[in-house]
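Colleague: I would like to learn how to read a protein model. Please take the features one at a time.

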Amino acid sequence: MLFRSNDEIIHYFFIMLANRDAQRASANNGRRCHFFKSFFITKLLDEGVTNRYNYSNVKRWSRNVPGKDVFSLDKIFIPVNMSNVHWACVVVFLQEKKIQFFDSMGGDGTHTFTFLSCFNLIQICLIKCCV
């Protein structure tokens, strides 16, 4: 039987990661990371409503990033629900200026973002959040 992780488990896990990141950064004077909520992509892509990119749904979300400056972060983690079967993760490496999609089931993200370029949308969203 396939175990389906609900969004509350992912949300709680990301809270634990954020707390660990805060401790690590304060101990080492390092850059912080930001962990978006489990429904960030759902809101950004307006899933179930228009199924199109909708920046206005998430434009205020960057106000909660550590230090209030998205570009001073080390990484941004974005959980992605894969057809209600499992979770994957988009990681934005801000200092390296790259975005990677991690999927334990071997996916490359094309299934989730068939009709658009997720990476370009996230970059646009990050630029809009900070300009």
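Modeller: We go through confidence, salt bridges, strands, cores and a surface patch in turn.

Modeller: This is a predicted model, in which local features need pLDDT of at least 70 and side-chain atom pairs count only at pLDDT 80 or more, while totals for chains, interfaces and linings use all residues. Residues are numbered from 1 along each chain as its sequence is written, and side-chain values use heavy atoms, with hydrogens and water left out.

Colleague: What is the mean pLDDT of the chain, and where is confidence lowest and highest?

Modeller: pLDDT is the predictor's confidence in each residue, from 0 to 100. Where it is low, the predicted coordinates should not be read in detail. Here the chain has a mean of 75, and 76% of its residues reach 70 or more. Confidence is lowest in helix α3 (residues 118-130), with a mean of 57, and highest in strand β1 (residues 33-35), at 90. Helices (H or I, at least four residues) and strands (E, at least two) are DSSP runs, numbered from the N terminus.

Colleague: How many salt bridges are there?

Modeller: Side chains of opposite charge can pair when their charged atoms come close. The rule asks for a side-chain nitrogen of Lys or Arg within 4 Å of a carboxyl oxygen of Asp or Glu. By this rule there are three. In one of them, R24 meets D21, with the closest N and O atoms 2.6 Å apart. Both residues lie in helix α1, three residues apart, which is about one turn of the helix. D21 also forms a salt bridge with R32, at 3.0 Å between the closest N and O atoms. That pair links distant parts of the chain, since R32 sits in the loop between α1 and β1, 11 residues from D21. K75 and D74 make another bridge (2.7 Å, N to O). Through shared partners, D21, R24 and R32 form one network.

Colleague: Is D21 buried or exposed?

Modeller: Buried means under 20% relative accessible area, exposed over 50%, and partly exposed in between (1.4 Å probe, protein chains only). D21 has 5% relative accessibility, so D21 counts as buried. R24 is partly exposed because its relative accessible area is 35%. R32, at 27%, is partly exposed too.

Colleague: How many bridges join β3 to β4?

Modeller: Two strands pair if DSSP finds at least two bridges between them. Strand β3 (residues 86-93) and β4 run antiparallel and are joined by five bridges. V90 stands opposite F101 in β4. Four residues lie between the strands of this hairpin, where K97 takes a positive phi near 60°. Strand β4 (residues 98-102) has a covered face, I99 and F101, and an uncovered one, K98, Q100 and F102.

Colleague: Which residues of the largest nonpolar core touch the most other members?

Modeller: A nonpolar core is a set of buried Ala, Val, Leu, Ile, Met, Phe, Trp, Tyr and Cys residues joined through side-chain atoms within 4.5 Å. The largest has 20 residues, of which F40, I41, I76 and I78 touch the most other members. At least two residues each come from α2 (40-44), β2 (75-82), β3 and β4. The largest share, four residues, is from β2. Another core, of nine residues, lies apart from it and includes F35, F77, C89 and V91.

Colleague: Which residues make the nonpolar surface patch?

Modeller: Patches are made of residues with over 30% relative accessible area and no salt bridge: like charges are joined within 9 Å, nonpolar side chains (Val, Leu, Ile, Met, Phe, Trp, Tyr) within 5 Å. Accessible areas come from the Shrake-Rupley method with a 1.4 Å probe; for residues, only the protein chains shown count as cover. Y12, F13 and M16 make a patch of about 320 Å². M16 belongs to helix α1 (residues 7-28) and is partly exposed, at 38% relative accessibility.
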